[in-house]
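I opened the model to look up a few local features and wrote down what I found. The entries follow the order in which I looked.

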Amino acid sequence: MSDGPVLGVLGGGQLAQMMARAAKPLGISCIAIDPNPDACAASDAELWVSAYDNRETLLKLAERADVVTFEFENVPTSSLELLEGRVRIDPNAEALRVSSDRIAEKRYFESTGVPIGPYREVSNAAELDVAVREFGLPAVVKSCSGGYDGKGQRVLRTNVDATEARAWIGETRCIYESFVAFDRELSIIACRSREGEFVAFPLAENTHEQGMLVRSVAPANVTDETETQARRAARKIAERLDYVGVFAIEFFDVGGRLLANEMAPRVHNTGHWTIEGARTSQFENHVRAVMGLPLGSAEATGHSVMLNIIGKRPAPDALAGVTGAHIHDYAKAERKGRKIGHITLTGPDATICREQAEIVNGRLGNLMPG
Ligand code: AMP
């Protein structure tokens with residue numbers, strides 16, 4: 001056990017794993033908490049197998065760690081309350097509160113002047129009927145909390161879908177969103193330090209299938225005006241929240257106008273390309289920010305395409321003859337619809353990089369959830 005600085009992480013998945021890997025060269029060790037004894041962060045962090053709200057574990061963590069952070073936003077309120085005042089927590093509780101509830105998040109975007117699409121809170125069949133009348137179809141209904149990777153959400157296209165939704169919605173607090181006919185999906189990964197230093201990586205263009213991210217291309221081919229809209233929104237949100245650490249905002253690009261979809265108060269899948277594709281990775285910058293260190297440059301070093309490996313490991317020759325490919329295997333068991341690794345292709349030429357990515361993509365045997 002080292003005597004150096006210690007970062008506590010709630011969650012022991014691949015985000016904690018990559019965070020811990022980035023922390024090591026900075027002389028920082030990580031303790032990850034996860035109820036799963038097979039949590040993959042054990043490869044790079046000291047893993048404490050425990051429930052997230054176990055009092056004894058949290059008190060011990062508050063004693064051992066200099067700072068506590070997390071890799072997911074649905075941290076139990078009781079855990080935060082126990083840690084607060086005992087150890088520094090970043091990002092702060094307000095950032096978690098805002099981003100762990102879809103309605104709170106939309107209201108926050110509205111209050112900061114960040115454009116969003118039409119939405120309404122619906123918690124029963126009668127409210128659903130009102131929303132269908134008001135906004136029409138198609139629409140997306142998502143549970144307000146707990147959903148990720150397309151889980152907890154359904155698209156309503158027809159009146160039959162809307163009628164069926166009356167039955168499954170029950171008493172669940174949901175958000176009814178008009179279906180946005182976007183041209184593409186973009187995300188920004190940004191980071192703010194304790195001193196208010198702010199850096200943002202170039203935008204990534206993302207492709208989702210069945211609600212799951214399958215590909216990110218960065219830097220996205222966008223105008224300066226689009227880049228500025230995203231940076232401005234990210235900066236405003238970070239400053240108002242007095243945010244410390246890395247966060248992501250996902251946008252729908254509708255004819256050059258960005259509508260914010262959601263925010264994640266953590267390192268994000270659409271920023272994995274930064275490990276090889278930027279001067280400083282999102283993981284290193286997150287560690288730097290929360291540990292009170294100066295931030296590194298978020299400049300891209302070339303062009304990158306990140307492909308998620310979902311459900312099944314690619315064949316050993318999947319990268320044969322391909323240049324600039326970096327494979328990350330999270331050492332997780334294969335399971336349909338589960339992210340078990342990613343591949344980033346990098347290079348100085350956007351076209352070549354994208355062509356190489358298409359070759360690899362064609363060789364992936366991803367097993368999607370549906
Ligand atoms: P989310 O969990 O909100 O990130 O949604 C996952 C994915 O579903 C998004 O990245 C989009 O591809 C799609 N999606 C979510 N909400 C909408 C919407 N209101 N209109 C169109 N597509 C959506």
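**Entry 1. Loop residues with positive phi**

I began with Q210, which is partly exposed, at a relative accessible area of 47%. The model is predicted, and I keep that in mind for every entry below. I placed Q210 in the loop that runs between β12 (204-209) and β13 (212-218). Its phi is positive, about 50°, although Q210 is not a glycine. I noted the background for this: most residues other than glycine have a negative phi.

Where does D242 lie? I found D242 in the loop between α8 and β14 (245-254). D242 too has a positive phi, about 50°, and is not a glycine. I put D242 down as partly exposed, since its relative accessibility is 46%.

**Entry 2. Cis peptide bonds**

Next I looked at omega. The peptide bond from D90 to P91 is cis, with omega near -5°. P91 has its place in the loop between β5 (88-89) and α4 (93-99).

I also noted a cis peptide bond from L137 to P138, where omega is near 0°. P138 sits in the loop that joins α6 (125-135) and β7 (139-143). For context, most peptide bonds are trans.

**Entry 3. Cysteines**

How many disulfides does a search of the whole structure find? I got zero. The cut-off for a disulfide is 2.5 Å between the sulfur atoms.

I looked up burial as well. C174 counts as buried, at 4% relative accessibility. C353 is buried too, with a relative accessible area of 5%.

Why is α1 described as largely enclosed by the rest of the structure? I found that nine of its 10 residues are buried, so the description holds. The buried residues are Q14, L15, A16, Q17, M18, M19, A20, A22 and A23. I listed what these buried residues pack against: the strands β1 (6-10), β2 (29-34), β4 (67-70) and β18 (339-347), and the helices α9 (274-277) and α10.

I then took the pair of α1 and α10 by itself. The axes of α1 (residues 14-23) and α10 (residues 282-290) come within 8 Å and cross at roughly 70°. That makes α1 roughly perpendicular to α10. On the α1 side I noted L15, M18, M19, A22 and A23, which meet F283, E284, H286 and V287 of α10. By type, the residues of this contact are seven nonpolar, one polar and one charged.

**Entry 4. N285 in α10**

I stayed in helix α10 for N285. Is N285 buried or exposed? N285 is buried, and its relative accessible area is 0%. I left aside its neighbours within four places in sequence and listed the remaining contacts of N285: C191, V199, F201, V246, T280, L295, G296 and S297.

**Entry 5. Helices α5 and α8**

I looked up a further helix pair. The axes of α5 (residues 102-111) and α8 (residues 224-241) come within 10 Å and cross at roughly 105°. I therefore recorded α5 and α8 as roughly perpendicular to each other. Y108, F109 and S111 of α5 meet I237, R240 and L241 of α8. The residues of this contact divide into four nonpolar, one polar and one charged. The loop with D242, from my opening entry, runs between α8 and β14.

**Entry 6. D349**

I finished with D349, in the loop between β18 and α11 (350-363). I have D349 as partly exposed, because its relative accessible area is 34%. A polar atom of the D349 side chain lies 3.0 Å from the backbone nitrogen of T351. I also checked D349 against G302, which is 47 residues apart from D349 along the chain. The C-alpha atoms of D349 and G302 are separated by 7.4 Å.

Definitions and conventions
Residues numbered from 1 in each chain as written. Predicted model: local features only at pLDDT ≥ 70, side-chain atom pairs only at ≥ 80, totals over all residues. Heavy atoms only, no water. Buried < 20%, exposed > 50% of the residue type's maximum accessible area, 1.4 Å probe, protein only. Axes fitted to C-alpha atoms, helices over the stretch in contact; angles between N-to-C directions. Helix = DSSP H or I, 4+ residues; strand = E, 2+ residues; numbered from the N terminus. Parallel < 35°, antiparallel > 145°, perpendicular 65-115°, else oblique. Contact = heavy atoms within 4.5 Å. Nonpolar A, V, L, I, M, F, W, Y, C, P; charged D, E, K, R; others polar. Polar contact = N/O pair within 3.5 Å; in protein donor to acceptor, adjacent residues only side chain to side chain.
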